[in-house]
Amino acid sequence: MPVFMRALADSWRSLIAWSLAVLFALLLYLPLFPSFGATPELTRLLDSLPQELVSTLGYDQIATGAGYVQATFFGLMGFALGSIAGIGWGAAAVAGDEEDGLLELTLAHGVSRVRLVLERALAVAVRLAWLSVLAALIILALNDSAELELEPVNLVAAAAAHLGLILLLAFSALAAGALTGRHSLAVAVGAGVAVLAYALNAIANQSEDLDWLHPYSPYFWAFGPDPLSEGADWANLAALYGVCAALLGIAAVGLAIRDVGR
């Protein structure tokens, strides 16, 4: 798969940079948990904050290891880092090359458009999978020293949910780029989906009357079932990866039926 291999070879520097960002984020937050756990000071701090803000940030369970990792990494920094990396890679996969005038050159070498989309999407997926696996391995390595008491099988479930979510954002950007050939629009679509997913979940957390919004948020599909505490929710994981597959199909068909070139 030359297109796939070329995409990986061209992105190794950015992959290292994002890997270091994940490492630093986890090393910044997780070692603090033993001194930050269920203490009277934490209880007073949470009581002083508006309940809506606590629910939005996921701090209602922050006194437990699973709740702390979810609130600080998977639900916040990991989501932000993965979203930025995934959207950037997804937008560049087709639209970036097209705006730079390189896509026509690749297609001129006998590579079909569908194959190009699939191989570059696979390269994006492999990079994002590496970030999710790396995060899980680092958390597992710090599990005992940080007194998180996480179950390894639940950590795998959380990593799978995290990967499905950021992959959905990346493929949203890739599909938009394949349909339009515009890199900036692809980034905007991916970012818009990320903001909408997070906002819908945050709004739905404010009140039981707004709970009906949860099923419309991919963020909730990933983390609403609380995989770090409860394990995998197969229905929600199927929804995440099913939408990813649908977006990949849209990207392949979109590039196949339109004219390429600025």
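The answer below begins with the pocket and then turns to the salt bridges, the core and the cavities.

A: This is a predicted model, in which local features need pLDDT of at least 70 and side-chain atom pairs count only at pLDDT 80 or more, while totals for chains, interfaces and linings use all residues. Residues are numbered from 1 along each chain as its sequence is written, and side-chain values use heavy atoms, with hydrogens and water left out.

The second largest pocket has a volume of about 410 Å³. A pocket here is an open set of points on a 1 Å grid over the protein atoms alone, with protein on both sides within 12 Å along at least five of seven lines; a cavity is a set of points where a 1.4 Å probe fits but cannot get out, and lining residues have an atom within 4 Å of a point. Grid points are joined across faces, edges and corners, and a volume is the space filled by probe spheres set on the points.

The lining of this pocket has 18 residues, and A7, D10, A92, D97 and R120 lie nearest its centre. Helices α1 (2-10), α6 and α8 each give at least two residues to the lining; helices are DSSP runs of H or I with at least four residues, numbered from the N terminus. By class, the lining has eight nonpolar, four polar and six charged residues, where Ala, Val, Leu, Ile, Met, Phe, Trp, Tyr, Cys and Pro count as nonpolar, Asp, Glu, Lys and Arg as charged, and the others, Gly among them, as polar.

D97 belongs to helix α6 and is buried at 17% relative accessible area (buried is under 20%, exposed over 50%, partly exposed in between, with a 1.4 Å probe and protein chains only). Beyond its neighbours within four places in sequence, D97 is in contact (heavy atoms within 4.5 Å) with A92, L102, L103 and R120. D10, in contrast, is exposed at 54%.

D10 also takes part in a salt bridge with R6, at 2.9 Å from N to O; the term requires a side-chain nitrogen of Lys or Arg within 4 Å of a carboxyl oxygen of Asp or Glu. R6 and D10 are four residues apart in helix α1, so about one helical turn separates them. The whole structure has four salt bridges. Another of them joins E98 and R258, with the closest N and O atoms 2.5 Å apart. Since E98 lies in helix α6 and R258 in the segment after α13, this pair ties together parts 160 residues apart in sequence. Both E98 and R258 are buried.

The largest nonpolar core has 72 residues, among which F74, L128 and I139 touch the most other members. Such a core is a set of buried Ala, Val, Leu, Ile, Met, Phe, Trp, Tyr and Cys residues joined through side-chain atoms within 4.5 Å. The largest share of this core, 17 residues, comes from α9. Apart from neighbours within four places in sequence, the contacts of I139 include V69, F73 and F74.

There are two cavities of 30 Å³ or more. The largest has about 40 Å³ of space, and its lining includes W221, D233 and N236. The second largest cavity, of about 30 Å³, has a lining of five nonpolar, three polar and no charged residues. F73 is one of its lining residues, and α6 gives the largest share of that lining, four residues.
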